[in-house]
Amino acid sequence: ICRYLSGLVFFTGVNFVLTLVAAVLCVCFAPTAAGPGIPEIKAYLNGVDTPDMFGATTLLVKIVGSIGAVSAGLDLGKEGPLVHIGSCIASLLGQGGPDNYRLKWRWLRYFNNDRDRRDIITAGCSSGVCAAFRSPVGGVLFALEEVATWWRSALLWRTFFSTAVVVVVLRAFIEICNSGKCGLFGTGGLIIFDVSDVKVSYQAMDIIPVIIIGIIGGLLGSLYNHLLHKILRLYNLINQKGKLHKLLLALSVSLFTSVCQYCLPFLAQCKACDPSFPEVCPTNDRSGNFKQFNCPDGYYNDLATLLLTTNDDAVRNIFSSNTPSEFQYTSILIFFTLYCILGLFTFGIAVPSGLFLPIILMGSGYGRLLSMLLGSYTNLDQGLYAVLGAASLMAGSMRMTVSVCVIFLELTNNLLLLPITMIVLLIAKTVGDSFNPSIYEIILELKGLPFLDANPEPWMRNLTVGELANAKSPAVTLSGVEKVSRIVDVLKNTTHNAFPIVDQDVLVPGTVVTGATELHGLILRAHLVQALKKKWFLAEKRRTEDWEVQEKFNWVELSERELKIEQVAVTHDEMEMYMDLHPLTNTTPYTVVESMSVAKAMVLFRQVGLRHMLIVPKYQGAGVSLRLPTL
């Protein structure tokens with residue numbers, strides 16, 4: 001008994017320290033590194049920037065914290081953090097490094113715009129999925145299906161090229177590890193999924209259990225989303241109390257997980273080792289299956305084989321084919337129940353975590369459990385049931401279909417899996433959609449991140465943009481030749497990213513009509529700040545010539561976005577001078593008539609990838625003011 005108690009203390013203590021390191025890093029140095037990071041990436045690619053989401057500190061904390069959290073045996077995966085890590089690396093490469101030590105190489109300036117930065121982060125996201133699952137096509141499809149809002153044909157081959165590079169490098173490291181040169185990592189190589197030995201063989205009558213798996217996966221996935229939503233709301237209340245509460249929550253979950261993983265195998269019965277097993281049985285080393293644990297020589301503990309190992313090895317074990325008697329019914333039931341509980345309470349603590357692996361473990365558990373219940377009524381292998389169960393739960397919770405299908409095909413290297421996987425995914429997604437949104441949409445809502453959905457709400461068809469604009473304060477406009485004091489006041493007292501340029505008493509070209517109001521265009525906040533910094537001031541109110549502008553500005557300076565109005569000093573005398581904003585104005589902004597429906601304007605706004613859209617009045621004349629609200 002003392003030996004087992006000392007083992008429990010050592011096992012729990014090591015996991016406690018590893019969790020403490022990961023939690024302290026996230027809580028004290030980079031709070032944005034906690035969680036998977038995929039919802040924030042999805043929001044960024046939709047047009048909402050989260051501060052410090054892709055910084056160098058976030059990247060380092062994400063890497064070290066993810067290693068600590070996964071090593072601590074918590075029910076979380078490295079797949080979500082890898083997606084965030086790939087996006088951080090892509091962002092830092094695109095901007096030439098962190099903000100304080102940024103490289104000024106000329107070719108890096110081509111990425112210093114919103115569209116190219118968005119594209120390179122999308123490529124980094126797909127590379128992270130490829131690194132996690134060794135699935136290059138699945139990585140591209142994941143970015144297309146789940147995170148990217150705007151997609152271009154050029155982006156398709158760019159993301160595919162980045163995933164191709166990842167898979168080549170990954171394959172090289174796998175070969176090195178397979179040759180025994182990875183030291184303590186063993187010949188198993190990198191900690192990565194490898195379930196290519198799953199055997200696929202089915203008949204027409206097997207479509208019935210496949211449909212059942214899909215329905216159960218959709219129901220369990222929607223139930224998991226509902227319960228996780230409630231628990232995350234509770235965690236938000238706890239985390240708002242301060243850093244100490246965040247640490248205590250993470251450490252409490254670590255202690256509970258370690259005690260369960262160590263004590264529950266005592267409930268399982270020992271099984272005799274079969275001489276036909278391809279691996280050594282029993283084992284007690286760092287790697288290897290068929291853990292002896294508390295069993296006598298020649299016997300192994302099947303529940304310890306699933307719990308006292310890496311999460312990836314647990315997936316490999318439960319996905320294994322031709323092993324109908326390797327695991328007991330009670331052991332799989334305990335495994336499934338435990339990981340359902342851990343999957344709900346682990347996600348949301350202040351450590352880097354992913355949702356892929358907990359959902360795969362839960363799904364594979366119930367899939368194998370279902371195959372045991374059906375027994376002789378089905379011809380499908382238990383390992384195949386586990387694969388289909390994992391796929392169905394991912395579709396039921398995350399609502400992904402195409403990318404999950406391709407990822408599982410690339411993991412198993414078996415095209416025979418395609419038809420039944422497609423059926424399972426479509427059924428699970430359809431069932432899940434009838435209850436609640438996907439888990440990432442729920443997390444976006446809890447984090448308060450606005451997200452512009454692809455489909456307009458029904459009420460948007462009955463409301464015009466003009467009516468919507470009436471409920472908001474009018475847009476802040478500037479004149480083409482504006483006083484410096486007015487510009488400084490607007491920049492300091494508003495947070496708008498752009499301002500309409502409106503000129504009064506303009507002569508209409510080709511006519512003799514005067515007194516017209518002209519919408520000259522839209523000027524960015526960054527360009528106004530840059531003009532103030534360059535002292536683009538005029539002593540009198542006049543339009544400038546082209547040569548004056550070309551002498552003062554170049555395209556590199558106008559592409560800068562980091563300068564703030566607080567960093568620019570303007571004297572009292574300069575406040576009384578003027579600035580000609582016409583040369584710095586975008587004269588062709590996207591505009592819509594105020595009678596357009598909100599639904600149509602939203603589709604245009606989202607599909608074109610706009611940041612600003614001007615609403616112009618349908619009628620303009622004497623007594624009718626020009627209203628220019630900006631969406």
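The structure is a predicted model, in which local features need pLDDT of at least 70 and side-chain atom pairs count only at pLDDT 80 or more, while totals for chains, interfaces and linings use all residues. Residues are numbered from 1 along each chain as its sequence is written, and side-chain values use heavy atoms, with hydrogens and water left out.

**Overall build**
- The protein has 24 helices and eight strands; helices (H or I, at least four residues) and strands (E, at least two) are DSSP runs numbered from the N terminus.
- Its C-alpha trace spans about 100 × 50 × 45 Å along the principal axes.
- Of the 631 residues, 51% count as buried, where buried means under 20% relative accessible area, exposed over 50% and partly exposed in between (1.4 Å probe, protein chains only).
- Among contacts (heavy atoms within 4.5 Å) between residues at least 6 apart in sequence, 75% join residues at least 24 apart.

**Annotated spans**
- An unreviewed UniProt entry places "transmembrane region" at residues 7-33, 155-174, 207-227, 332-362 and 415-432; such annotations may be inferred rather than shown by experiment.
- Residues 207-227 are 100% helix and 0% strand, with end C-alpha atoms 30 Å apart.
- Residues 332-362 are 71% helix and 0% strand, and their end C-alpha atoms lie 10 Å apart.

**Salt bridges**
- A search of the whole structure finds 10 salt bridges, each a side-chain nitrogen of Lys or Arg within 4 Å of a carboxyl oxygen of Asp or Glu.
- Lys42 pairs with Glu146, with the closest N and O atoms 3.3 Å apart. Lys42 lies in helix 2 and Glu146 in helix 6, so the pair ties together parts that are 104 residues apart in sequence. Lys42 is buried at 7% relative accessibility, and Glu146 is buried at 7%.
- Arg158 pairs with Asp119 at 4.0 Å between the closest N and O atoms. This pair links helix 7 and helix 5, 39 residues apart. Arg158 is partly exposed at 37%, whereas Asp119 is buried at 7%.
- Asp119, Arg152 and Arg158 are linked in a network of salt bridges.
- Asp433 pairs with Lys429 at 3.1 Å between the closest N and O atoms, and both lie in helix 16, four residues apart.

**Loop residues with positive phi**
- Arg399, in the loop between helix 14 and helix 15, has a phi near 65 degrees and is buried at 6% relative accessibility.
- Lys535, in the loop between helix 20 and helix 21, has a phi of about 60 degrees and is partly exposed at 33%.
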